[in-house]
Amino acid sequence: MSADTSAGGAVLTEIRDGVAILTLNRPERLNAVNGELSRALNLALEAASQSRDVRVILITGAGKAFCAGADSKVLNEYAADPAAPNSGSGRLRYGELMALPKPVIAAVNGPCAGVGVALACCSDIRLASDSAFFLTPFVQLGLTAEVGLGWLLPRLIGTGNALDLLMAARRIGADEALSIGLVTRVYPSGSFLSEAISYAAAMAAAGAPGALLTIKRQVYSALTQDFEAAETDSARLTFETLKGSDFKEAMAAQREGRRPQFEPVSAPFLARPGKKT
């Protein structure tokens, strides 16, 4: 796996089979978030979203953890002085994961806590190792539900489950995360990364990038729409895509018994979910 030198090595980037594999690379700190990692991941996500070679983005962690949350050194700086240089610099743009024009998969390979949970929840899909666990310890620190988790978690797992995680600050394992819908698949830890990459590569190979972008936009827009508005948008988008080059290519490929050659996507950010335009 090659280091992204522009990011100073805090995030490693590899592109394989249409998948940009972004690895949080502070294993000695359990990939805890500080200014350096935030800036590195922002750059890596921006590059992946603009690359015509990338169809799907996968985020995972180096070593035994996915992300232990905010680095305790940064939290101590905040406690001492909220204006400290590192405490306010290089903020990770969590919500923009939902606005990226490509699917984003969080491959949670181990412990995932605090803003690490926010990073996973802002991704479109979450996969977990059977050794992973999730923890939202905000109340134990006298803090609130950070990075929009008060909006995200009820939509992902229901209000009761969201309040349970946030208020009880309870650690849950991968199986419970699967049962409440926080993750969509759990794989054995020994083969986790290869399984997660295979999942992402299958998505990259099967789907037209333009259709993936449109469906992502549809799903997030529908969170703040009534059914009639969502149905109207769906009809409009269906008509547009029926006239599009990807649909014509898919039909031609079926007739000719070959794999379709869809157009790549390099697009600006989508509107963030919940944002009024």
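**Note on surface, cysteines and ion pairs in a predicted model**

1. Leu-75, Leu-141 and Leu-143 together make up a nonpolar surface patch with about 250 Å² of accessible area. Patches are made of residues with over 30% relative accessible area and no salt bridge, with like charges joined within 9 Å and nonpolar side chains (Val, Leu, Ile, Met, Phe, Trp, Tyr) within 5 Å. Accessible areas come from the Shrake-Rupley method with a 1.4 Å probe, and for residues only the protein chains shown count as cover.

2. The structure is a predicted model, in which local features need pLDDT of at least 70 and side-chain atom pairs count only at pLDDT 80 or more, while totals for chains, interfaces and linings use all residues. Residues are numbered from 1 along each chain as its sequence is written, and side-chain values use heavy atoms, with hydrogens and water left out.

3. Leu-143 lies in the loop between strand S7 (133-135) and helix H4 (149-157). Helices (H or I, at least four residues) and strands (E, at least two) are DSSP runs, numbered from the N terminus. The relative accessible area of Leu-143 is 37%, so this residue is partly exposed; the class lies between buried (under 20%) and exposed (over 50%), with a 1.4 Å probe and protein chains only.

4. Zero disulfides are found in a search of the whole structure, a disulfide being a pair of cysteine sulfur atoms within 2.5 Å. Cys-121 takes part in no disulfide, and its nearest cysteine sulfur, that of Cys-122, is 7.1 Å away. Cys-122 is likewise in no disulfide. Cys-121 is buried at a relative accessible area of 2%, and Cys-122 is buried at 1%.

5. The count of salt bridges comes to twelve, each being a side-chain nitrogen of Lys or Arg within 4 Å of a carboxyl oxygen of Asp or Glu. Side chains of opposite charge can pair when their charged atoms come close. One of the salt bridges joins Arg-16 to Glu-14, with the closest N and O atoms 3.2 Å apart; Arg-16 is partly exposed, at 34% relative accessible area.

6. Arg-170 and Glu-176 form a salt bridge at 2.8 Å, N to O. Arg-170 is partly exposed at 30%, and Glu-176 is partly exposed at 29%.

7. A salt bridge also links Glu-249 and Arg-258, at 2.6 Å from N to O. Here Glu-249 is buried, with a relative accessible area of 17%, whereas Arg-258 is partly exposed at 34%.

8. Arg-26, Arg-29 and Asp-71 belong to a network of salt bridges.
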